[in-house]
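Here is a short briefing to read alongside the structure.

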Amino acid sequence: MKESPSKGMNYKDFLQSLKQGMVYGAYLFDGTEENIKSSTLAAVRKAVLPEGLEELNESVMDDPETDALIAAAETLPFLADKRIVLVRDLASLTGRSETDDRLCAYMARVPTSTILIFYVRGKADGRKKLYAAIKKHGHIVSFDRLGDDELNRWILQTFAALGKQCSPATASLLAFTVGNDTGLLKTEIEKLAAHAGESAQITDEDVRALATRSMECTVFDMVDAVVAGQQGRAFRLMQDMLVMGQERLGILAMLLRQYRLLQHVKVMQYEKKSPQEIQQNLGVPRFAANRYMQQAKGYTGGQVRRAVDICLQTEYAVKSGRLNQDGALESAMLQIFALKAKA
């Protein structure tokens with residue numbers, strides 16, 4: 001067997017190896033970015049399987065026995081350079097059982113004419129023997145959530161493929177509104193592109209009017225309403241989340257997180273840290289950090305501390321049984337509104 005060019009790589013490294021014809025042996029597709037994981041698998045199939053001979057050169061197996069897996073991997077390709085053996089959700093990689101030692105040993109002997117892909121949903125169990133064997137003799141391909149800049153580029157490229165364009169700021173707004181799951185984002189991008197019709201430009205107004213908001217984004221909007229003293233709007237947003245299936249205690253936990261982050265912002269602003277330093281220390285996307293800094297302007301440090309206390313005390317009262325969950329969130333929000341009224 002040829003020497004492996006790499007033992008660990010991200011999906012971009014893998015696609016570059018695929019382009020160079022350097023994909024062979026055992027691979028584990030590992031990570032939480034399911035949409036890009038799926039599209040990368042589609043790219044392998046397109047590059048490797050001759051048109052009309054796909055079924056003869058691919059075996060798709062769900063949690064197979066070792067003998068069946070090895071037999072598929074040992075089968076020679078038909079009128080092609082390579083064949084694909086796709087193994088989905090193998091129990092010995094997801095934590096439900098131990099690996100057959102024969103399969104671990106086989107990772108060093110996978111023919112160069114076979115691309116053996118272990119495909120798991122989410123993260124594989126890195127403690128398993130098979131994981132270590134693939135890492136040693138094959139390749140772990142990481143599919144992690146995209147960072148801010150990479151996600152923005154992905155959004156711009158996805159719009160461009162549909163003949164549309166938007167500014168980097170609009171792309172950031174879309175990511176903030178929907179979240180960083182590219183599968184969900186792809187659906188929203190297609191919706192925005194279809195709605196734009198003949199127009200090539202996607203605007204902030206389009207995103208605000210049409211994009212499906214994540215829970216985190218809705219909580220941001222709810223806090224914006226509290227800061228602005230818009231009690232009716234804040235309670236309508238809370239009701240929207242309840243209709244979407246979110247429990248009151250879950251919304252309270254998100255509200256607590258929001259005010260804790262605002263407290264961190266107030267401390268860093270007092271320390272004269274730059275917006276870039278604040279964003280880095282918060283560990284949130286740039287657009288979200290800007291929203292936090294804007295919201296923090298509407299509070300004193302003491303008000304934010306009191307808002308955190310209100311959320312903590314309410315959460316404890318519910319969990320200890322002293323307060324019923326129904327009404328607890330509404331009570332906490334009214335107390336936070338009262339803080340603003342006293343300002």
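Cys166 counts as buried, because its relative accessibility is 10% and the cut-off for buried is under 20%. Keep in mind that this is a predicted model.

**Cysteines**
- Searching the whole structure turns up zero disulfides.
- Cys311 is in no disulfide either, and its nearest cysteine sulfur, that of Cys217, is 19 Å away.
- Cys311 is buried, with a relative accessible area of 0%.

**The sheet**
- Six strands form an open sheet with parallel pairing, in the order S1-S6-S2-S5-S4-S3.
- The edges are strand S1 (8-10) and strand S3 (58-62); each has a single partner strand, so one side of each lacks a neighbour in the sheet.
- From one strand to the next, the twist averages 20°.
- Within this sheet, strand S2 (residues 25-30) pairs with strand S6 (residues 139-142) in the parallel sense, over four bridges.
- Leu28 has Ile140 of S6 as its bridge partner.

**Helices across the sheet**
- Helix H2 (residues 34-48) lies across S2, S3, strand S4 (83-88) and strand S5 (114-119), and runs at about 165° to S5.
- Helix H6 (residues 129-137) lies across S2, S5 and S6, running at about 120° to S2.

Notes: Residues numbered from 1 in each chain as written. Predicted model: local features only at pLDDT ≥ 70, side-chain atom pairs only at ≥ 80, totals over all residues. Heavy atoms only, no water. Disulfide = S-S within 2.5 Å. Buried < 20%, exposed > 50% of the residue type's maximum accessible area, 1.4 Å probe, protein only. Pairing = 2+ DSSP bridges. Helix = DSSP H or I, 4+ residues; strand = E, 2+ residues; numbered from the N terminus. Axes fitted to C-alpha atoms, helices over the stretch in contact; angles between N-to-C directions. Contact = heavy atoms within 4.5 Å.
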